[in-house]
Amino acid sequence: MFENIGLAFQGVWSHKLRSFLTMLGIIIGIAAIITIVSTIKGTNEQIKKNLIGSGTNTVQISLNRDGNEYDLQWSALPEGVRTVTEEDLSELRKLEGVKEASAYRYRSYADGIFYGNTAYSGALYGIDSHYFAANNYIINSGRGFTADDYTKYRKTAIVESTVASSLFNGEDPVGRTIEIMSEPYTVVGVVSQVVVNEPVINNLQDYYMYSAESGGTIFIPDVCWDISYRYDEPQRVVIRAKTTDEMATAGKAAADWLSENLIQGNTYAYKASDLLEQASNLQSLSQTTNNQLIWIAGISLLVGGIGVMNIMLVSVTERTREIGLKIAIGARGRRILWQFLTEAAVLTLMGGLLGVGAGIGLAYMLSNVMGTPVAISIPACVIAVAFSTLIGIIFGLVPAVKASRLNPIEALRHE
Amino acid sequence: MILSMTDICKDYPMGKSVTQVLKNVNLSVSEGDYIAIMGPSGSGKTTLMNIIGCLDVPTSGEYLFGEKDIKKCKKKQLADLRNKKIGFVFQSFNLLPKLTALDNVALPLLYGGVRRSERRRRAKEALERVGLADRVDYRPDQLSGGQCQRVAIARAIVGNPDVILADEPTGALDSQSGAQVMDLFHTLHEQGATILMITHDRNVAEHAETIMHIKDGVLTGGDQDE
């Protein structure tokens with residue numbers, strides 16, 4: 001067996017140009033498949049990362065009406081739904097897999113916020129005292145909200161570090177006063193999220209999909225929300241799961257608990273945003289088009305296989321005398337069969353390896369030129385090499401059988 | 001008795017008619033024999049050689065190799081027989097051009113399932129016997145015709161076969177190299193080898209102990225029955 005493999009390598013090596021040209025079909029096919037698969041995987045991982053974030057493990061729970069998300073901005077709390085209280089949140093924290101829970105109100109594009117003459121465009125969140133813990137924020141400078149801020153209705157604000165640079169033009173925001181709907185608020189701190197996961201945005205579509213998470217945010221205590229906006233708006237709840245794997249179950253448990261305890265009737269319900277599902281929906285969209293590409297690349301493998309068969313047939317004819325001699329001095333038919341099968345398999349194995357290399361290179365080149373994300377899938381590479389070897393065995397079968405059945409007398413007489 | 005043939009006939013279909021190439025051939029080879037079969041081209045000597053060498057099967061008649069009835073053997077068994085019991089020497093050497101002399105000689109042992117170290121040892125020994133101990137690592141294109149044929153003879157004797165079959169062993173050689181090869185056969189025969197040779201050259205045939213003639217498929221001469 002090893003003798004055969006060694007001889008096969010010698011055979012391939014002694015016809016370098018011919019072997020390479022024969023392999024080319026396989027190389028191109030495998031390279032195309034690896035490039036496509038790497039790009040798909042890269043895109044999928046990026047979608048997942050953008051949506052889920054890396055490591056915060058937070059799940060948003062929002063109010064739904066007839067199965068669709070109910071717009072919580074600028075509207076009053078609907079009938080039959082009550083406000084989320086501190087007691088409710090502590091109940092949520094007792095649920096399996098839930099580490100932290102927090103309720104908040106928000107505007108994704110708040111207006112009426114100024115620092116001096118500069119208008120702010122970004123999100124405004126009215127948060128409870130658990131929000132920063134739930135979303136894994138840390139205080140960069142100044143302080144967080146204290147109990148007094150809540151009990152004494154202090155008009156305080158905390159800004160995200162991005163806002164600090166955009167609205168305050170690089171000055172230290174702590175101690176400065178901003179205006180929210182004509183009410184003055186004192187900035188007491190600057191925060192940023194511990195796991196900063198900047199969504200990768202390549203086009204306008206991506207921007208709209210992820211912009212809510214990438215814009216800056218100003219936080220005020222939720223008790224002050226009524227001061228600026230004056231009516232009892234519905235809340236969103238965010239929970240932080242203990243692990244990424246528990247996100248789905250913990251989110252659903254919390255949403256079910258809220259629906260059961262806060263809502264009367266069937267019109268409204270709390271629902272956890274299933275980011276994994278959202279991610280897989282986006283992924284399957286790109287998958288279908290790419291599957292077709294893989295089939296097309298598969299055709300080139302077929303063509304490559306036929307090329308291998310052709311060259312192996314030529315090789316059998318060229319070596320007729322050699323085969324005749326081997327049979328004459330006692331090589332069994334099976335031995336000749338294996339010799340040629342091994343040679344075809346070695347040829348396509350090398351083609352497969354070169355193809356994987358070329359595919360990885362091409363994927364990174366595309367990524368550099370066009371900005372597509374790349375993730376190399378080791379199983380895909382292994383399967384590709386194994387598959388190309390299989391192609392060698394399949395298409396080498398006909399020439400190998402032909403060689404093993406040669407009549408030694410005629411073969412020895414062959415010129 | 002190494003082999004015995006009784007009433008061997010071989011027919012080849014030629015279009016609608018059938019050509020009888022071998023007609024009731026009787027031949028027996030015993031240990032230590034040195035037989036030359038002489039005949040012009042078209043006499044059927046190559047066909048006879050192929051049948052003796054188990055590369056072809058007779059149309060009728062009985063062929064016993066040792067105890068084995070060749071007619072009842074399967075392809076696999078014939079391959080093993082050729083591998084272990086017969087050593088072939090061809091007119092055109094038939095060495096594999098990419099292998100060294102040593103690897104060429106060791107080839108039958110490879111098919112016989114002999115271990116690598118043992119193969120190398122025995123191949124070296126065989127090359128020494130044909131006087132090419134210093135050409136072990138040469139490839140056929142680095143050797144002269146006579147040397148190539150001696151490598152081929154080493155390949156034939158490496159497995160200690162029962163019989164060496166030589167088909168026009170000097171046909172592709174100049175007279176000097178041819179003489180060397182015939183001397184080698186002579187030495188091997190003195191050492192106990194059984195040799196069966198076919199040739200059309202009387203000078204070559206005369207080296208043998210027994211000369212037989214074949215003409216139009218009929219074998220005559222020697223101590224065989226007329």
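Reader: How many helices and strands are there in chain B, and what makes a run count as a helix or a strand?
Author: Chain B has seven helices and 10 strands. The runs come from DSSP: a helix is H or I over at least four residues, a strand is E over at least two, and numbering starts at the N terminus. This is a predicted model, where local features need pLDDT of at least 70, side-chain atom pairs need pLDDT 80 or more, and totals for chains, interfaces and linings use all residues. Residues are numbered from 1 along each chain as its sequence is written, while chains are lettered from A and ligands numbered from 1 in the order in which they are written.

Reader: What share of chain B counts as buried, and what makes a residue buried or exposed?
Author: Of its 226 residues, 45% count as buried. The test counts other C-beta atoms, placed from the backbone, within 10 Å of the residue's own: 20 or more is buried, 12 or fewer is exposed, and in between is partly exposed.

Reader: Why does A241(A) count as buried?
Author: A241(A) has 23 C-beta neighbours inside 10 Å. The cut-off is 20 or more, so A241(A) is buried. A241(A) sits in strand β12 of chain A, residues 236-241.

Reader: Which residues are in contact with A241(A), leaving aside neighbours within four places in sequence?
Author: They are N57(A), V59(A), G97(A), V98(A), K99(A), E246(A), M247(A) and A250(A). Contact requires C-beta atoms, placed from the backbone, within 7 Å. There is also A134(A), 107 residues away along the chain, whose C-alpha atom is 8.9 Å from that of A241(A).

Reader: How do you know which strands pair in the open sheet of chain B?
Author: Two strands pair if DSSP finds at least two bridges between them. Strands β1 (residues 3-14) and β4 (residues 60-65) of chain B are joined by five bridges, and they run antiparallel. Five meets the requirement of at least two, so β1 and β4 of chain B pair. Within this pair, L3(B) is opposite F65(B). The sheet has four strands, ordered β2-β1-β4-β5 (chain B), with antiparallel pairing.

Reader: Why do β2 and β5 of chain B stand at the edges?
Author: β2 (17-29) and β5 (68-69) of chain B each have a single partner strand, so one side of each has no neighbour in the sheet.

Reader: What makes β9 and β10 of chain B a pair?
Author: Four bridges join β9 (residues 210-215) to β10 (residues 218-221) of chain B. At least two are needed, so the two strands pair. They run antiparallel, with M212(B) opposite G221(B). Their hairpin has two residues between the strands, and D216(B) takes a positive phi near 50°.

Reader: Why are α3(B) and α5(B) called roughly parallel?
Author: Their axes cross at roughly 30° and come within 7 Å. Axes are lines fitted to C-alpha atoms, for helices over the stretch in contact, and angles run from 0 to 180 degrees between N-to-C directions. Under 35 degrees is roughly parallel, over 145 roughly antiparallel, 65 to 115 roughly perpendicular, and the rest oblique. The value of 30° falls under 35, so α3(B) and α5(B) are roughly parallel.

Reader: Which residues of α3(B) and α5(B) meet?
Author: A101(B), N104(B), V105(B), L107(B) and P108(B) of α3(B) meet V151(B), A154(B) and R155(B) of α5(B). By class there are six nonpolar, one polar and one charged. Ala, Val, Leu, Ile, Met, Phe, Trp, Tyr, Cys and Pro are nonpolar; Asp, Glu, Lys and Arg are charged; the others, Gly among them, are polar.

Reader: How many residues does each chain give to the contact between chains A and B, and which element of chain A gives the most?
Author: Chain A gives 16 residues and chain B gives 18. On the side of chain A, α11(A) gives the most, with four residues. By class, that side has seven nonpolar, four polar and five charged residues.

Methods. Contact = placed C-beta atoms within 7 Å.
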